[in-house]
Amino acid sequence: MIDLMLIGIGTGNPEHVTLQATRLLNDADLILIPDKGEDKSDLARVRRQICDTVLTGGTRVVSFDLPTRDEATPDYHARVVDWHDAIAAIWVREIRENLGPQGKVAFLVWGDPSLYDSTLRIAERVAKILPLRVRVVPGITSLQALTAAHRIPINDLGAPFTVTTGRQLRDSGWPDGVDTLAVMLDGQCSFQSIPPEGVHIWWSGYAGMIQEINLSGPLAETAPQIMAARAAARAQHGWIMDIYLMRRQTPRGDTDE
């Protein structure tokens, strides 16, 4: 039996790694680190830095090349499914070659494996081929790092909020009945697609990391600042992870005492 541990590592800050995660990483026989190519080499480097920080024993750390998603396929869901199938096949190969039929293998997952991350879906595919016991260790999400950086609660008093993606915001607009919207996985600054009147935005690039950038204010005024800061940071580092929260400032009528 192979124990597969999916360990949330927060937003890349070694101080986000919990004591539980540290213990299990040291208990692992093998840690596999995906390499997404030269443009995103910092992502693998951050994972290795975390391993250098928390590992105290002889856990092996092995890197492997991650396939790129075929953007030529017009159907978004179809190309994501094909991509996940390809990644799962590589996981199987790397586990067989570097671990064998039994042992403990760990993957370091950005943020938490439960929130807009496909590691668990890939693990389901691998479990159809290899005998796996899957364990998940929760991590700090970029959403938590964002609200901490701006010192704001995520929701208004007793009010709901929605977490969505840039693609959904562009395709479907602002969801009905929601005043607070957290947006992840947005490489196209999709806040440009909504009317800015009455909307406040809180944006963080590299939330929780040493190079963290924070901007906030009325959307109409702050959107150009965010786009400029985002482009400059991406040019400097070769990659960027960012997240933002938007809240509609709903006018409230007078109430009787």
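Reader: How many disulfides does the count come to?

Author: The count comes to 0 disulfides, where a disulfide is a pair of cysteine sulfur atoms within 2.5 Å. This is a predicted model, in which local features need pLDDT of at least 70 and side-chain atom pairs count only at pLDDT 80 or more, while totals for chains, interfaces and linings use all residues. Residues are numbered from 1 along each chain as its sequence is written, and side-chain values use heavy atoms, with hydrogens and water left out.

Reader: Why does Cys-51 count as buried?

Author: Buried means under 20% relative accessible area, exposed over 50%, and partly exposed in between (1.4 Å probe, protein chains only). Cys-51 has 4% relative accessibility and therefore counts as buried; Cys-189, with a relative accessible area of 10%, is buried too.

Reader: Why is Val-134 called partly exposed?

Author: Its relative accessibility is 42%, so Val-134 counts as partly exposed. Val-134 lies in strand S5, residues 132–137, a strand being a DSSP run (E) of at least two residues, numbered from the N terminus.

Reader: What makes S5 an edge strand?

Author: Two strands pair if DSSP finds at least two bridges between them. The open sheet of 5 strands has the order S3-S2-S4-S1-S5, with parallel pairing, and its edge strands, S3 (60–65) and S5, each pair on one side only.

Reader: How do you know that S2 pairs with S4?

Author: Strand S2 (residues 30–35) and strand S4 (residues 103–109) run parallel and are joined by 3 bridges, which meets the requirement of at least two. Within S4, Ala-106 is the bridge partner of Ile-31.

Notes. Helix = DSSP H or I, 4+ residues; strand = E, 2+ residues; numbered from the N terminus.
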